[in-house]
Amino acid sequence: MATEKELSDFLKGVERRAFKRSIYHVRDEEAALDIVQDSMMKLAEHYGDKPPNELPMLFQRILSNCTLDWFRRQKTRRALFSNLSDFEAPDDDGEFDLLENFVSPTDSRETESAEDTTRRAQVFHDIEEEIAKLPGRQREAFLMRYWEEMDVAETAAAMGCSEGSVKTHCSRAVHALSKALTAKGISL
C-alpha cells in the first residue's frame, strides 16, 4: 500500500517525463498538460492504494489510455464540428523548449562558450524534431524504453502489445533516428 507521501513523490518524479511524452504525441502544450493531470488524478483516485512498485506501470498505462481518449475526442469533435481553423497547420511557435526542461548532471552552461551553447541547443532541437517525426507507436515505444527507462515487458504491458512488437518498434525508431541524425552530421 502506497502512502500519501510515496504517491506524491512518485507523481512529482514522473511529471516532467509524462508531459514530454504527451507533448510528443499530441503536439499541443495545453492538451498535454490536461492529459498528464487527468492521468495523475486517475492514478491517485483509483490506484492510490496499490504498492509503490506497481505505480510506474499503472501510470504509464493510464497515460497511454488518456492520450488515446484525447485523440478519440478530437476525431469525434472534428467529425461533428468542421471549422476552418481545423484545416490550418498547427502553430509551431516553439513555445516548448527542450533546453528549458533539460537538467544536466553538472551545470556547465556557466563555463561553456556561446558557440557551444548554441551548438548544444541546435543538437537538442534536431533530436527533438526527429523524435517528433517518428510514427506514433515507434515514438511511444522509444520514449518508454529510453526516456522512461522501462524494460521491454513493462513497455509491452503499458502499450498493450507483445514484447516482440516493442522490440521491433524500438529497433525501427533507433535506426530511423540514427539515419536522420547522421544525415544532419550529428553523432551521439
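**Salt bridges and nonpolar cores**

Modeller: Lys184 and Glu130 form a salt bridge, with the closest N and O atoms 3.1 Å apart; the term denotes a side-chain nitrogen of Lys or Arg within 4 Å of a carboxyl oxygen of Asp or Glu. This is a predicted model, in which local features need pLDDT of at least 70, side-chain atom pairs count only at pLDDT 80 or more, and totals for chains, interfaces and linings use all residues. Residues are numbered from 1 along each chain as its sequence is written, and side-chain values use heavy atoms, leaving out hydrogens and water.

Biologist: Is Glu130 buried or exposed?

Modeller: Glu130 is buried, with a relative accessible area of 9%, while Lys184 is partly exposed at 36%. Buried means under 20% relative accessible area, exposed over 50%, and partly exposed in between (1.4 Å probe, protein chains only).

Biologist: Which residues are joined with them into one network?

Modeller: Salt bridges that share partners join Asp126, Glu129, Glu130, Lys133 and Lys184.

Biologist: How many salt bridges does the structure hold?

Modeller: Nine. One of them pairs Lys20 with Glu128, the closest N and O atoms being 2.5 Å apart.

Biologist: Changing topic, which residues touch the most other members of the largest nonpolar core?

Modeller: Phe10, Leu43 and Phe59, out of 21 residues. Such a core is a set of buried Ala, Val, Leu, Ile, Met, Phe, Trp, Tyr and Cys residues joined through side-chain atoms within 4.5 Å.

Biologist: And what else lies apart from it?

Modeller: Another core, of ten residues, including Tyr24 and Phe142.
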